[in-house]
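Biologist: Could you please take me through this chain?

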Amino acid sequence: MTLAAPTASTWSPIGIDTPRVDGPLKVTGRAQYTSDFHFPGMLYAVPVEATIANGRVMKLDTAAADRMPGVRAIFHRENIGKIFRSIPELGFEGITEERRPPFEDDVVRYYGQYIALAVADTFEAAKAAADAVRVT
């Protein structure tokens, strides 16, 4: 049985070997990722996300997170000052659907909404601080 060569209208990448230009670097451990780069004074940020889909933030307790080693700040709506709404500009369609500034008010509109931001010297410290923030 002889198979005919695919035509342009019937060609499909399914079942065809695809060269992976990044493959050799990844399998040998020589690939570089963003987490491999460290710069003087670099800080890491991890958001504190809402665990409910609809509601209101009644209290944000950051005391434990603030005392953790390496934590520089826990930003939330009470300590960041005024943030202005973004304005859709020509050519920026699809960048973001949400035009509400982060931490604008205490209303939770969806699960995972950012309600605070932990900033620390290392990613691990920022993650631990974000996890230590207690939200009512």
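The conversation below goes from the overall layout to single residues.

Biologist: What kind of model is this, and how are the residues numbered?
Modeller: This is a predicted model, in which local features need pLDDT of at least 70, side-chain atom pairs count only at pLDDT 80 or more, and totals for chains, interfaces and linings use all residues. Residues are numbered from 1 along each chain as its sequence is written, and side-chain values use heavy atoms, with hydrogens and water left out.

Biologist: What does the secondary structure of the chain come to?
Modeller: The chain has three helices and seven strands, where helices (H or I, at least four residues) and strands (E, at least two) are DSSP runs numbered from the N terminus. Along the sequence the pattern is α-β-β-β-α-β-β-β-α-β.

Biologist: How many residues are there, and what percentage count as buried?
Modeller: The chain has 136 residues, and 22% of them count as buried. Buried means under 20% relative accessible area, exposed over 50%, and partly exposed in between (1.4 Å probe, protein chains only).

Biologist: And the accessible surface of the chain, what does that come to?
Modeller: It comes to about 10600 Å², with 59% belonging to carbon and sulfur atoms. These areas come from the Shrake-Rupley method with a 1.4 Å probe; for residues, only the protein chains shown count as cover.

Biologist: Which strands form the open sheet?
Modeller: The open sheet has three strands in the order 1-6-4, with antiparallel pairing. Strand 1 (44-49) and strand 4 (71-75) are its edge strands, each pairing on one side only. On average, neighbouring strands of this sheet are turned by 20° against each other, direction ignored. Two strands pair if DSSP finds at least two bridges between them. Axes are lines fitted to C-alpha atoms, for helices over the stretch in contact, and angles run from 0 to 180 degrees between N-to-C directions.

Biologist: How many bridges link strand 4 and strand 6?
Modeller: Strand 4 and strand 6 (residues 114-120) pair over four bridges in the antiparallel sense. Val71 has Ala120 in strand 6 as its bridge partner.

Biologist: Where does helix 3 lie?
Modeller: Helix 3 (residues 123-132) lies across strand 1, strand 4 and strand 6, and runs at about 20° to strand 1.

Biologist: Which residues of the largest nonpolar core touch the most other members?
Modeller: They are Val48, Ala65, Ile74 and Ala129, in a core of 18 residues. Strand 1, strand 4, strand 6 and helix 3 each give two or more residues to this core, and helix 3 provides the largest share, five residues. A nonpolar core is a set of buried Ala, Val, Leu, Ile, Met, Phe, Trp, Tyr and Cys residues joined through side-chain atoms within 4.5 Å.

Biologist: What does Ala65 touch?
Modeller: Not counting residues up to four places away in sequence, Ala65 touches Val71, Ile74, Ala129, Ala132 and Val133. Contact means heavy atoms within 4.5 Å.

Biologist: New topic: is Asp106 buried or exposed?
Modeller: Asp106 counts as buried because its relative accessibility is 18%. Asp106 is in the loop between strand 4 and strand 5 (107-108).

Biologist: Which side chain makes a polar contact with that of Asp106?
Modeller: That of Arg56, at 2.6 Å. A polar contact is a pair of N or O atoms within 3.5 Å; within protein, one must be able to donate a hydrogen and the other to accept it, and residues adjacent in sequence count only if both atoms are side-chain atoms.

Biologist: What about Phe103?
Modeller: Phe103 lies in the loop between strand 4 and strand 5. Its phi is near 65°, a positive value in a residue other than glycine.
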